[in-house]
Every structure is written in C-alpha cells, then in structure tokens.
Amino acid sequence: MAENKTELQPIPGLPHVKAPSAPQVKTRILTAESVAEIQKKMVQYPVRKSAVLPSLTVAYRQVGYLNAEIYAELSAITEIPAKQLAEAATFYTLFPKKPRGKYLIMVCDNISCALCGADNLLRYLEEKLGIKVGETTQDNLFTLQIAECLAGCSSAPMMQVNHDYHENLTRAKVDALIEGWRKDG
Ligand code: FES
C-alpha cells in the first residue's frame with residue numbers, strides 16, 4: 001500500500017495524533033503554492049496550534065504583510081481560528097500589518113546607537129526620504145521604522161534594512177546606500 005505522505009509518523013512515547021486533512025480551500029490572496037506549503041507544514045506538528053507561526057510566516061513571505069483577509073484565508077487552510085492567528089501576529093513586529101516599501105529601514109535608537117547619533121541619523125533619513133518614522137515613500141521603495149537594540153551595539157549607529165545590517169553609519173554611507181537602492185528600484 002502506498003505511504004500516506006500526509007500522515008504523521010508515531011513518535012515513541014507520545015500519543016499518535018492524526019494529521020489534519022488537507023482541505024481544498026479557495027483563496028483570493030494566498031497562492032496555490034503557499035496553500036500547499038502551509039498544508040505540508042501542518043502535518044509536521046502533532047498539535048494544530050503549533051503551526052500558527054509557520055503558517056503566518058508563509059503568508060508573510062508571499063504577501064509581505066498580514067491583515068484580516070489573510071488571517072481568514074489562513075484559518076480556512078489550518079482550521080485555526082482567525083482571531084488566534086491575528087493575536088499571535090500582534091506579538092511580532094517582523095510581521096507587518098500593512099503594506100510597506102521594498103526596503104524596510106529599521107534604525108536602532110537604543111542606548112549605544114543613541115549615544116552615537118541615532119537620532120541625527122533618523123532625522124537625516126526622514127529628510128532624505130521625505131517621510132516620517134512609520135511612513136512609506138510614495139514610490140513604495142522605503143519604509144522607515146525605529147527598532148529596539150539589534151545587537152550591533154559595537155558598530156553603532158546602525159540600522160537593519162530587510163535582512164542586512166549596515167553599521168558604523170555616517171551620512172555619506174547612508175547617501176551611498178540610498179542611491180544604490182534607488183538605482184536597483
Ligand atoms: S543599541 Fe543599537 S544595536 Fe544595540
């Protein structure tokens with residue numbers, strides 16, 4: 001008999017939990033690939049709720065943010081209440097709740113960076129990009145945010161842009177970075 005790929009294998013010492021079925025759900029936002037990926041993740045956990053963060057992550061990676069409509073689609077796929085998905089997402093600033101720019105600029109303003117000019121850096125970025133903290137440029141390229149300590153204190157002032165760190169920042173370094181990103185579009 002062919003192996004059922006959606007069935008969890010029993011874990012010695014733990015009660016065997018049947019994997020959730022993979023319902024055919026119609027989604028408007030999430031792609032078929034995302035749906036399949038979430039369903040694949042669901043069978044990796046004996047408890048359905050354990051798939052909350054992996055499911056949110058798949059949606060976030062595809063869409064770039066999370067909102068009520070996405071929670072509803074995730075709920076239809078995972079059978080986890082949309083309210084629980086939304087509640088979990090609120091704990092994580094790395095799950096944006098609205099669209100943001102291609103480049104998410106997060107400037108650390110904790111103590112080491114503050115002492116090394118984080119405030120000046122922020123004001124400079126606001127001026128250069130023409131936006132305030134929390135806003136996105138009209139061309140949807142840049143979103144500016146403040147971050148708590150990013151553990152790059154020895155290279156303050158610093159900022160994280162998407163997944164990369166930029167450290168020992170000066171105005172000249174910021175100018176070069178922004179220019180490069182604008183060129184890349
Ligand atoms: S205080 Fe800025 S990275 Fe730690």
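Biologist: Within how many Å do the axes of H1 and H2 come, and at roughly what angle do they cross?

Modeller: This is a predicted model, and two packed helices are described by the angle between their axes and the distance between the axes. For H1 and H2, the axes come within 9 Å and cross at roughly 160 degrees.

Biologist: Are H1 and H2 roughly parallel or roughly antiparallel to each other?

Modeller: The axes of H1 and H2 cross at roughly 160 degrees, and angles over 145 degrees count as roughly antiparallel. The crossing is also right-handed. The two helices, H1 and H2, are therefore roughly antiparallel.

Biologist: What span should the 12 residues of helix H2 have, and how far apart are its end C-alpha atoms?

Modeller: Helix H2 covers residues 52–63, and at 1.5 Å a residue its 12 residues should span 16 Å. This expectation agrees with the model, in which the end C-alpha atoms of H2 are 17 Å apart.

Biologist: Which residues in H2 are buried, and over what arc around the axis do they lie?

Modeller: The buried residues in H2 are Ser55, Leu56, Val58 and Ala59. They are on the same side of H2, because they cover an arc of only 155 degrees around the axis. An α-helix has 3.6 residues a turn, so residues three or four places apart point the same way.

Biologist: Which helices are included in what covers the buried residues of H2?

Modeller: Helix H1, which meets H2 through residues including Ile38, is one of the elements that cover those buried residues. The cover also includes two further helices, H3 (68–78) and H4 (82–90).

Biologist: Is Pro99 buried or exposed?

Modeller: Pro99 is found in the loop between H4 and strand E1. It has 12 other C-beta atoms within 10 Å, and since a residue with 12 or fewer counts as exposed, Pro99 is exposed.

Biologist: With which residues is Pro99 in contact, leaving aside its neighbours within four places in sequence?

Modeller: The C-alpha atoms of Pro99 and Asn67 are separated by 9.4 Å, although these residues are 32 residues apart along the chain. Just after H2, Gly64 takes a positive phi of about 100 degrees. Leaving aside those sequence neighbours, Pro99 is in contact with Gly64 and Tyr65.

Key. Residues are numbered from 1 along each chain as its sequence is written. This is a predicted model: local features need pLDDT of at least 70, side-chain atom pairs count only at pLDDT 80 or more; totals for chains, interfaces and linings use all residues. Helices (H or I, at least four residues) and strands (E, at least two) are DSSP runs, numbered from the N terminus. The expected span of a helix is 1.5 Å times one less than its number of residues. A residue is buried if 20 or more other C-beta atoms lie within 10 Å of its own, exposed if 12 or fewer, and partly exposed in between; C-beta atoms are placed from the backbone. The arc is that of the directions from the helix axis to the C-beta atoms. Two residues are in contact if their C-beta atoms, placed from the backbone, lie within 7 Å. Axes are lines fitted to C-alpha atoms, for helices over the stretch in contact, and angles run from 0 to 180 degrees between N-to-C directions. Angles under 35 degrees count as roughly parallel, over 145 as roughly antiparallel, 65 to 115 as roughly perpendicular and the rest as oblique. A crossing is left-handed if the near helix is turned anticlockwise from the far one by less than a right angle, and right-handed if clockwise.
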